[in-house]
Amino acid sequence: MTTTLNTRLADDLAALRAAGTYKTLQYLDSPMAARAEVENRGETTILCSNNYIGLSDKPELINAAKAALDKYGAGAASVRFICGTFTIHRQLEEKVAQFLHTEASLTYASCWCANTALVPAIIGPGDAVISDELNHASIIDACRMAHKDAKKMIYKHADMASLEEKLRLATDAGCPVKLVITDGVFSMEGDIALLPQICELAKKYQATVMVDESHATGVLGKTGRGTMEYYDMLGRVDIITGTFGKALGGAGGGFVAGSRDLIDILVQRSRPHLFSNSLPPVLSAIALAAIEYLEQHPEITDSLRAKTVYMRDALIAKGLKPLEGDSAIIPLIVGDTALSISVAGEMLKQGIHAIGFGFPVVPEGTARIRIQVSDALSYQEIDRAVEIISNICPVVEE
């Protein structure tokens, strides 16, 4: 039966195809690694994975998963406060808190769940939530989900004058709680939050700081403890959220870390905790093994940084102009959304898998190819990738 909705969906999809912005899924048939088998493409160099420190196929993580399956079974089959809390959850949460120098932590099915659990649980009527304009979509949605009578403000990206203006407005309005939210590493830009300045302003206006470390944990800092360690600020940020689905093994899951009272309130109030199944024990075991592996092998973060600098410099030497940044994300601006998807498609034909991102993921006119470096890559693979990218990717003049 044809309905108005069916017709609209078909028309929308036809318009996406005509505009060249239709997204096609690529199916992998091997573990995530520097090179993976892409269905109908063969072995392909992966430059679009969050597998930053190459843990996704580590035997230590795989063996931990097998042991957890044997001990705990396939899944929790319950929410945490009923019968879905396993001892492996406590082990992981204690490890996360210790790793990030906080009092406590709480796990969720993803960092998206963690972010959307946190903000509505702690922001009430009359409070203010103040978010960087380029924060991740999960943070944007979390702010939208805050109490309808809360003040929701956006400050210009990495603009401390704009942030102070919002803090001053919230203070003048008498907002009892002021929550400043920033990504640690901005996923589409690759730049790092100005955390010392943010925390200084927050102190001045008695605000709370929340940092999403999804693209920073395992990547930044001498031992991979993220943006806080990068700035020598461990233990000095109020709330940290993050994921186990990127550098920490890539299997899935997210967390909130902070004070014991914060975590207890989330246990009592946060809707994803109360109404959604707990993180599967097998994923908890993988995440725990990933943190332990990183603690035992902190040198992999240095190796990742060296390879990132090498690739960035090689792209520049070829005449390309990646956005500046100190993370493992190297964006190459091409401008047009359809062009970014087309360029990514040509790269894939030559065995390089990167993604073209355009509007609405990034602002109109700033479409890009996002390169993500992994420590699993060899320098030879980086050299080959740079050669192919430089032959396909257009140089956009500033």
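Guide: Two strands pair here if DSSP finds at least two bridges between them, and strands (E, at least two residues) and helices (H or I, at least four) are DSSP runs numbered from the N terminus. This is a predicted model, in which local features need pLDDT of at least 70 and side-chain atom pairs count only at pLDDT 80 or more, while totals for chains, interfaces and linings use all residues. Residues are numbered from 1 along each chain as its sequence is written, and side-chain values use heavy atoms, with hydrogens and water left out.

Visitor: OK, what's the bridge partner of aspartate 132 in E5?

Guide: Aspartate 132 has tyrosine 155 as its bridge partner in E5, and strand E4 (residues 128-132) runs parallel to E5, the two being joined by five bridges.

Visitor: And what order do the strands of the open sheet have?

Guide: The seven strands of this open sheet follow the order E3-E9-E8-E7-E6-E4-E5, with mixed pairing. E3 and E5 (151-155) are the edge strands, each pairing on one side only.

Visitor: How do E3 and E9 pair, parallel or antiparallel?

Guide: E3 and strand E9 (residues 254-258) pair in the antiparallel sense over five bridges, and within E9 the bridge partner of serine 105 is alanine 257.

Visitor: Switching topic: how many salt bridges does the count come to?

Guide: The count comes to 14 salt bridges, where a side-chain nitrogen of Lys or Arg must lie within 4 Å of a carboxyl oxygen of Asp or Glu.

Visitor: Which residue forms one with arginine 225?

Guide: Arginine 225 forms a salt bridge with glutamate 295, their closest N and O atoms being 3.6 Å apart. The pair links distant parts of the chain, 70 residues apart, with arginine 225 in the loop between strand E7 (208-212) and helix H9 (227-230) and glutamate 295 in helix H12 (residues 281-296). Arginine 225 counts as buried because its relative accessible area is 12%, whereas glutamate 295, at 27%, counts as partly exposed.

Visitor: What about glutamate 346 and lysine 349, how are they placed in H14?

Guide: Glutamate 346 and lysine 349 are three residues apart in helix H14 (residues 337-349), so about one helical turn separates them, and their side chains meet in a salt bridge (3.1 Å, N to O). Lysine 349 is exposed at 58% relative accessibility, while glutamate 346 is partly exposed at 33%.

Key
Buried < 20%, exposed > 50% of the residue type's maximum accessible area, 1.4 Å probe, protein only.
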